[in-house]
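Below is a short note for a colleague who wishes to go through the aromatic contacts and the backbone of this model point by point.

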Amino acid sequence: MKSIAAYRSGLEINPCVTELEAEEGLFQELNGSKPIRITNKGFIDYIFTRSLEVAVFFKFPVQVHTGLGDKDLDLKKSNPIHLRTVLADKRFGKSKIVLLHASYPFSKEASYLASAYSQVYLDFGLATPNISVQGMISSLKNLLELAPTKKVMFSTNGYAFPETFYLGAKRSRDVVFNVLSDACGDGDLTIEEALEAVKDIFRENALRLYKLNNVGGLIGRENVNKQSIVPKNFNNSQNGEDLAFVRIIWVDASGQHRCRVVPAGRFYEEVKSKGVGLPRAVMGLVSYKDELPESGTLTLVGEIRLVPDMTTIARLPWSTKEEMVLAEMHVKPGEAWEYCPRSALLRVTKILQEEFNLVMNAGFEKEFYILKKITRNGAEEWGPFDSSVYCSTSAFDTISPILQEAYNSLQSLNISVEQLHAEVGKGQFEFSFKYLQCNFAADNIIYAREVIRSVARKHGLLATFVPKYCLNDIESGCHVHISLSHNGRNVFIGSENDPETQYGMSKIGQNFLAGVYHHLPAILAFTAPIPNSYVRIQPHTLSGNYHIWGKENREAPIRTACPPGVPMGLVSNFEIRTFDGCVNPHLGLASILVAGIDGLRRGLTLPEPLDVEPSDSANLERLPKDLGEAVAALVGDKILKELIGEKLVSEIIAIRKAEIDYYSKNPEAYKDLIHHPSVPPSRLVVSGPNWFCNLTFNFTLSSTFLLKKLLKGRIGTGMFYFEATSYGA
């Protein structure tokens, strides 16, 4: 049952109108002007009250239009707060009243009613999608300020034309995601509670209230196959094959991609909300071997929860029977672990938002080498894919089918590629990705690495992101472009009419960049994390080895950029060139963001830019020449320790020191990193290291045979759980 009393005589309903008064009101309407439009308050109040009595008797819910609606309504009279007289009437204590349209613009009043009266429920259809995006977000936030999520619902309210159903369905998901993400970030909800709220808002509340589980043919949740409770982008059958596994991915402090693999049925039944257990030691492992550094703070004692972030769930383009999802590390559901890199970046992102109302954006330029197997002196080894020059058309012709496949895979993951080309090195290429809010950019670069490596491997090739994979060829970086925005507007860029604009940057931009410049030596311990990184950072290599900054100076570690469309003399972002492919992207961006926050807090200023090629003869200060110097700078940097987290930074320092020691004693060991975590299948069992939870473990004919031997034939048709560990095959 539904009432539009709000659009006629208003919601200040008198529940005590007599039948005689109602008859008189109807008589007046029938004898009034034509055509008849019933507006008599006594008659409408009587019909409303009697209808509510019928609804209570039959246990029907009643939908009441509130807030915006017909063009000729008196908006003040459509405020749901007027319904308090009806709600307080004992006759209607067991009624079920649904306030429609988010009661916009009276959403706060509706929220109060839903919290104060057990019989009041809320529906935010029509307001979504008919008002502005910020209006929709604000309205839903107002509803959820007091109202329980068990009493809020959504209906598309596609009243005008079919496309309104689509717009409602799409916008509602965007708005709910935005609001609940903020609630998680603010600590109002845990991720588990937010996921439960999504199910309640879009399904469970309506099923309960309208008793739709009793309608013939409708699937009730208790009858749903647990394996089918999956995200909207999941296709239960892909090329006739069911989903087998879900990879739960994290990146450790040494930059290694790792995962736990869970059978799909168990994942969607249990793991997606509760996570899986993981030893605390995983964040302390070094890059060269699965062991803990001697001076680290983590031990083999204790466990954390690896909790999937379901907003990142995606089908693997190169393995359609699998999905992957990024994870956060929790001490317990809803409580982030202090060693979690994703949580660290989110934490400092929140500081920037709360203190300065700013968002940091990031866009990556990913360089990598494609290698192929070659035979030299009777031995098989990996060599360059080709020998072409920078931006060579012939190089692109040769690799184009593989790059097209990689590009299509990235597109399927909603990762936007802006351009790609052959780089200077032999067999070297680059993808440039569109800038995003920094935490999303970090997530995307992890998936981009997975795509590039996996597509190459599918074609019998090897993609490597090692900074200096070959000492006789050009280095590979992962340059990152940084900008600041406020309400979606770039506020890093200066203005020709702003007297505080200098070097093409706004005052905010200058202070932020000055902070990054000031902390750059310590930042290198995050963005150039292995000894091989410093073989890359050398003079005249376009990688930036002097402590300088410049405008469009690619020999500087920090370069301000003026892309096409930006007025001459102004800069829209800055590029950090001392960022390479072995970085944990969340930690790398967190270090940059913390430095920028310090610059904003203290109002730091920049030295003059250097717009010529630097040289030692100019008496310029060098950046750390090796990882040891970068670690020493980090040890003395109190700000980075404080905001990123003392314990996490201490563990990173311990890892870096262990790697300095190991690689100094084993100078050729960096070559093993070329295969991490992309060890060719022929090396996995026979001669390669077995990496804990190695993300790219592949069964070859020989390794499958060996596993069968080891498992004594216990590989059958059923599911089984396995890990690669550091204790040998």
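**Notes on ring contacts and backbone geometry**

1. Phe368, Phe431, Phe433 and Phe465 are joined by ring pairs into a cluster, where rings of Phe, Tyr and Trp (its six-membered ring) pair if their centres lie within 6.5 Å, with planes under 30 degrees apart counted as stacked, over 60 as edge-to-face and the rest as tilted. This is a predicted model, in which local features need pLDDT of at least 70 and side-chain atom pairs count only at pLDDT 80 or more, while totals for chains, interfaces and linings use all residues. Residues are numbered from 1 along each chain as its sequence is written, and side-chain values use heavy atoms, with hydrogens and water left out.

2. The structure holds 17 aromatic pairs. One of them is the edge-to-face pair of phenylalanine 154 and phenylalanine 202, with 6.3 Å centre to centre and 75° between the planes. This pair links distant parts of the chain, 48 residues apart, with phenylalanine 154 in the loop between β6 (152–153) and α7 (163–186) and phenylalanine 202 in helix α8 (residues 191–209); helices (H or I, at least four residues) and strands (E, at least two) are DSSP runs, numbered from the N terminus. Phenylalanine 154 counts as buried at 13% relative accessibility, whereas phenylalanine 202, at 25%, counts as partly exposed; buried means under 20% relative accessible area, exposed over 50%, and partly exposed in between (1.4 Å probe, protein chains only).

3. The pair of phenylalanine 512 and phenylalanine 574 is tilted, because the ring centres are 6.4 Å apart and the planes stand at 50°. Since phenylalanine 512 lies in helix α13 (residues 507–527) and phenylalanine 574 in strand β24 (residues 573–576), the pair ties together parts that are 62 residues apart in sequence. Phenylalanine 512 is buried, with a relative accessible area of 0%, and phenylalanine 574 is buried with a value of 0%.

4. Lysine 151 lies over the face of tyrosine 121, at 5.4 Å from the ring centre, and arginine 622 lies over the face of tyrosine 546, at 5.6 Å from the ring centre. A charge sits over a ring if NZ of Lys or CZ of Arg is within 6 Å of the ring centre and within 35 degrees of the ring normal.

5. Most residues other than glycine have a negative phi, and most peptide bonds are trans. In the loop between β3 and α4, histidine 101 has a positive phi near 65° and is buried at 3%. The peptide bond from tyrosine 104 to proline 105 is cis, with omega near 10°.
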